[in-house]
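Me: I would like to go through the labels attached to this model and ask, for each one, what it rests on.

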Amino acid sequence: MKAERGRGTLAKDKPPILGLIRRGGDVVLHMLSNVQQATIRPIIQASVAAGALIHTDEYDIYARLETWGYAHKTVCHAHGEYARDEDGDGFGEVHVNTIEGLWSLLRSWLRPHRGISQGKLPLYLAFFQFVHNARRRGKALLGTLVGAIVT
């Protein structure tokens, strides 16, 4: 059976997760208690440099990014827009495909761990974030992991 579409909530036992990623850079993942601007603002301000350009979908939670000091561009999935070429060079600069790809990887990684409690989900997210940001797999990850624990 397919999962219900839409945004997750703690009450539906599908906690919302905020993900921020720099193209070619690190990811930041946070399980949220709710999906409100007051909840995401401190996370964004702690993770993203003031004045940075942020690309999002059209979800209205991101409506105040410009008033918070960020440049902001959106793609409108509801209108079938997934990437937009703004300078005519044939490359769709405005997109959220980087984070969408990360969500796909995260879902695949979590799937074998069926039934993760809300209390433990932040630990799983933190480990996934660490592994993604370390950019190492297999035996190469072990040294990085031990180094992070020892320091």
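Me: Why is Thr56 called buried?

Reply: This is a predicted model, and in it Thr56 has a relative accessibility of 6%; buried means under 20%, so Thr56 counts as buried.

Me: What is Thr56 in contact with, leaving aside its neighbours within four places in sequence?

Reply: Thr56, which lies in strand E3 (residues 53–56), is in contact with Tyr62, Leu65, His72, Lys73, Thr74, Val75 and Val96.

Me: What makes the pairing of the Thr56 and His72 side chains a polar contact?

Reply: The two side chains are joined at 2.7 Å, and the definition asks for a pair of N or O atoms within 3.5 Å, one able to donate a hydrogen and the other to accept it, so the pair of Thr56 and His72 qualifies.

Me: Why is Leu123 called exposed?

Reply: Leu123 is found in helix H3 (residues 121–134), and its relative accessibility is 61%; since exposed means over 50%, Leu123 counts as exposed. The C-alpha atoms of Leu123 and Met31 are separated by 9.9 Å, although these residues are 92 residues apart along the chain.

Me: Which residues of H3 are buried, and what covers them?

Reply: In H3 the buried residues are Leu121, Leu125, Phe128, Val131, His132 and Ala134, and their cover includes strand E1 (17–21), strand E2 (27–31), helix H2 (97–110) and H4. As background, an α-helix has 3.6 residues a turn, so residues three or four places apart point the same way.

Me: How do you know that the span of H3 is close to the expected one?

Reply: H3 has 14 residues and reaches 20 Å from its first C-alpha to its last, which is close to the 20 Å expected at 1.5 Å a residue. Just after H3, Arg135 takes a positive phi of about 55°.

Me: How many helices and strands does the protein chain have, and what share of its residues is buried?

Reply: The protein chain has four helices and six strands, running β-β-α-β-β-β-β-α-α-α from the N terminus on, and buried residues make up 29% of its 151 residues.

Key. Residues numbered from 1 in each chain as written. Predicted model: local features only at pLDDT ≥ 70, side-chain atom pairs only at ≥ 80, totals over all residues. Heavy atoms only, no water. Helix = DSSP H or I, 4+ residues; strand = E, 2+ residues; numbered from the N terminus. Buried < 20%, exposed > 50% of the residue type's maximum accessible area, 1.4 Å probe, protein only. Expected span 1.5 Å × (residues − 1). Contact = heavy atoms within 4.5 Å.
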